[in-house]
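Have the model open while you read.

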Amino acid sequence: MTRTFDHTNTIWCAGCGHFGVRNTLVSALRDLEVPPHETMVLAGIGCSGTIQNNVEAYGYHALHGRVLPAALGVALTNPHLTIIAAGGDGDGYAIGAGHLVHTFKRNPAMVYLLMNNAVYGLTKGQDSPTAAPSHEAAEQGMDGISLGLALPGTTFLARAFTGAPEQMDRLMRAALIHSQQGRGFAFLEILSPCVTYNDTYADWAGRVVDLEADDRYDRFDRAKAFGRVHEVSEGGGIPTGLVFEGDGTDMAARIMVKGTVAPAHQPTDVDAHLDGYRDLMAEYAV
Amino acid sequence: MSKPKTIIDLTAMVAGQGGDGSLTVISILTELLARRGYHLFTSRNVASRIKGGLAAATMRGSVARRGCLGDSFDLLVAFDQEAIDLNGHLVADDGVVIYDASDGPLDRTSLAEAVKVIEVPFGRYAVRDLRRDLFKNSLSFGVISRLLGIAQDEAQDCLTHALRRLPPRLLEPNVRAFRFGLDFADEVGLGLGQGPWCVDRVAREEQLLINGNDALAFGFMAAGGRFYAGYPITPATEILEFLQKHLPARGGIALQAEDELAAVNMAIGAAMTGTRAMTGSSSPGYSLMQEGIVHAGSAEIPLVIVDSQRSGPSTGMPTKPEQSDLDMMVFGGNGEFPRIVLAPGGPKDCFDLAVTATNLAQRLQCPVIIALDQAVAQDARTIPYFDLEAVEAEPGVRLDAAGLSKMAAYGRYQITDSGVSPWAVPGTPGGMNLITGNERNEWGLVSTKPDVRQAMAEKRMRKIAALGDDLPLGQRFGDDGAEVGILGIGMQTGVMDEAVARLQVSGIAVAGLQPRTLWPVPQETLAFIAKRRRVVVVEHNVEGQLRRLLMGAGANGDRLGSVRKYNGTPFGPSELVAALLSDPAFADNVAEMGIVA
């Protein structure tokens, strides 16, 4: 066996929520029998942006906020890969928020783990876009699930909490399966507290509301999901669970001619398309 | 009535408001001259808006191959007075103006005395008799065909060919409009053979009439390029449109991103799967992409980036050419990383250098930048067919499962003599590795250890050193033994060629060089300068960025003259000749040679 990088060393503080995220991802990939060489983990900048170093897979460390467009490039050119994009709330909701909106719109086959700790931990404690509004805060907190619900074309919107590992495990598998089945973009926000700069374990444990715990909750009804999320949030709760699931086909399947070999596996020699190139050249002939 | 003059070099402009269809008239005229075997050069001059704003389409048809417009317009078709006011002074003394007199007679203040004017109420005729203003284009072509002494059948055939994509219900009234034009010509004494000109018939093999953006996109595709992402921006949009149209049928993808930041990162993602990927933009969009370009340089990702430069700074003049991003392309971005900048001078270069860039990116695993300018990007000219059979896609240093199995250990950033590390792309069994823009060890794990940092920085930079002179050579003009020279890139190429030829005719020997590799500055360029007493650098920017770049690379600044323009218009051949002769050292050296200009 060729030795590859040692994926056991983490940079996180003891008690960081990210350990749970990483362990859940690794066990879900193993249980779903996704081969490491067919898995790619792409992560942004921040404490969450090191998770690719701790999974046995191909890994990529993106620019701050740009993990989604990079992951889209991978997803479209090699749809055979299982793609996990990951990043923090700063990465996905601040500097990369525009890309999140457009990725919702495109519905590419990948899982996006947005590890939300409501703080900029790596830079030592500044407010993030999901920071709780306080009397000195000039801005309201941002909710990615509501954002996703507002955009037509979203197919999988879920929120987990590292303090509820069973639910996180179930949602992680559901997200991976959604993407693997070619249904599109599985957005999984994970409340993953920063024990050093914003220890929200107790606060969040008291506020999370698993929408799916209610048998009458219909996760396929976008309008009702929106209403329920709004209702829970207004009441001071944090809605969790698989909040919305919709029909969809992933972007690569929609834009590629059926049966075409993926761009990454296309022949590069000119002979493969020589006749077509000649015909195209003839269109410019004078 | 004097005998018609055989015109072997015709520069023409059709001008009016945007949406008047000036481009249509030029495209019919180019079809006509192409059939007579003339070489063609077409250019356009538009405002950045969909309708309205003065728009001009220009062309040159010549028996000799030319890479720019002539000094003045032999023919100006003007759809309104504003077109005359703005362009009248550019009409040749013996030129012809066809004026749409629908709104009244022409004020010819801006025209030279001898210019012949034909006033036709095109718009009024077109609306009255054909119910649509746009038919004035075909009407005006009827008159043009008589000016050039072309028989009806041949002219009509050109018209219907150039408009072949129109539905029959629109084509038919265009043909009628064309015949109206002929009738009108008869009325004003321009019967067949009564016009001032006739057109030669010369033998020329079939060629391509293509602009730089299309040729570049074609070259990328032919070199195995299968992913492109861009965001619409003048004058780079044609690359996106070409690839959106032609890549999918060949198993590729061209994507319109939400912004330039996304575009460059999508291309980076695609490149990481081993797909040959490119992104492109124009100046302000390129400046947004710099973060991604730097990242590709650091993370060692093969990526081609196009900058179709337009006039800056900021949003500048979107439809006007400039070469003021040279500093940005060569030096822009944070930190230091290996990069190559190539500079095509016309559509053939665009095709060839797109192939080279795509291969170099794979070979070196770093960003390769292609510097266009609006003129190179959007001007079209006749060139020989692309040599498709000669296109080779070099694979780069890749690792497959078999190769990996022979290695005890594999990390993405293995230190090598060439600076290039063997690469296993995702999906390769056993090749799991880490890609990062942070400083890292050979595993791709972040490291700030001083010795690791130093070794990695040096490894990256070795890629360029290891390449040596294996980069595209420049194009030479004129007399290589001459004591004085002229040097320029991109849009200067065609006009330099013609200026050097004219000087030569006057007995002044000049050597010309169009470097095709801008960065690293090749030995060839420095040797060209070192060999001469004076070399004038021609460029479109305020500060003389190219000259400064050459001096930074070791060229003796005392020998380097500078001719610059930055008003949004290209040099004309006579203008460039005059500018060269006004360089005192250039003129002195010419005089010393005993030649009187």
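Two strands count as paired if DSSP finds at least two bridges between them. Strands (E, at least two residues) and helices (H or I, at least four) are DSSP runs, numbered from the N terminus. This is a predicted model, where local features need pLDDT of at least 70 and side-chain atom pairs count only at pLDDT 80 or more, while totals for chains, interfaces and linings use all residues. Residues are numbered from 1 along each chain as its sequence is written, and chains are lettered from A and ligands numbered from 1 in the order in which they are written.

**The sheet in chain B**
- Eight strands of chain B make an open sheet with mixed pairing, in the order β7-β6-β5-β2-β4-β3-β17-β9.
- At the edges sit β7 (116-120) and β9 of chain B, each pairing on one side only.
- Inside the sheet, β3 (39-45) and β4 (54-62) of chain B run antiparallel, joined by seven bridges.
- In that pair, B:Thr42 stands opposite B:Met59 of β4(B).

**Where the chains meet**
- In all, 65 residues of chain B are in contact with 52 residues of chain A (contact means C-beta atoms, placed from the backbone, within 7 Å).
- On chain B's side, α9(B) gives the most, with nine residues.
- Strand β2 (58-61) of chain A runs parallel to β18(B), and three bridges join them.
- Here A:Tyr60 has B:Ile435 as its bridge partner in β18(B).

Definitions and conventions. Two residues are in contact if their C-beta atoms, placed from the backbone, lie within 7 Å.
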